[in-house]
Amino acid sequence: MFDEIMGKFEGSPSQQAVIRLLLERGFSVNDDGRVVSGGIEIPNTGIAREIDVDRRVVDSTTNAILDDPELRRIFQNISQVPSLMDLAPVLDLTVLSIAVDNAEQKGIVAAVTGTLAENDISIRQTISEDPEFTDEPRLYLITDEDVSGAAITELRDLEFVRKIELQ
């Protein structure tokens, strides 16, 4: 789906940058062509500054979104999920990051969360990056307690795990 969306803006790397930002941040486009997060409007100048494009590129991208029924449906229904990852150091939480060989393989989340449960580790939040939206998707798990060496070894031994990082 990501490739299809980006393909609609194939001739404009600047518009693709706008699309990528909207998707990564979970920003919506309202009926007036304004970028919003929930009910809060985000000025196009701020978006343009963030990705180093002209404000008019943001305008033309949101207009193109509204003119395309499929894109309109996607971008009027996208929403943001709050993440505990950036708060983890402040709240004394542990962030476990897992990179896998094939992110489209079935059962990854179940195997990882099951392994943590077997090791009596409570999960506060799980965030799974979509393989269509990123080149190297990761699974992030935020826990209340430290992840033991035994649990890390068990996770590392799962056939699909390529890399584990603790933050």
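The largest nonpolar core of this predicted model has 24 residues. Those with the most contacts inside this core are Ile19, Leu22, Val35, Val58, Ile65 and Phe75. Which elements give two or more residues to the core? They are the helices α1 (2-7), α2 (13-25), α3 (44-51), α4 (55-67) and α5 (69-75). Of these, α2 gives the most, with 5 residues.

If we leave aside its neighbours within four places in sequence, Ile65 is in contact with Phe9, Ile19, Leu22, Val29, Leu71, Arg72 and Phe75. Apart from this core lies another, made of 15 residues, among them Val112, Leu116, Leu141 and Val147.

I now turn to the sheet. Four strands form an open sheet in the order β5-β6-β4-β7, and their pairing is antiparallel. At the edges stand β5 (123-128) and β7 (161-166); each has a single partner strand, so one side of each is left without a neighbour in the sheet. On average, neighbouring strands are turned by 15° against each other, direction ignored.

Within this sheet, please consider β4, residues 94-100, and β6, residues 138-143, which pair in the antiparallel sense over 6 bridges. Here, Thr94 stands opposite Thr143 in β6.

Finally, which helices accompany these strands? Helix α7, residues 108-118, lies across β4, β5 and β6 and runs at about 25° to β6. Helix α8, residues 149-156, packs on the sheet as well, where it touches β4 and β7. The direction of α8 makes about 155° with that of β7.

How values were computed: Residues are numbered from 1 along each chain as its sequence is written. This is a predicted model: local features need pLDDT of at least 70, side-chain atom pairs count only at pLDDT 80 or more; totals for chains, interfaces and linings use all residues. Side-chain values use heavy atoms; hydrogens and water are left out. Two strands pair if DSSP finds at least two bridges between them. Axes are lines fitted to C-alpha atoms, for helices over the stretch in contact, and angles run from 0 to 180 degrees between N-to-C directions. Contact means heavy atoms within 4.5 Å. A nonpolar core is a set of buried Ala, Val, Leu, Ile, Met, Phe, Trp, Tyr and Cys residues joined through side-chain atoms within 4.5 Å. Buried means under 20% relative accessible area, exposed over 50%, partly exposed in between (1.4 Å probe, protein chains only).
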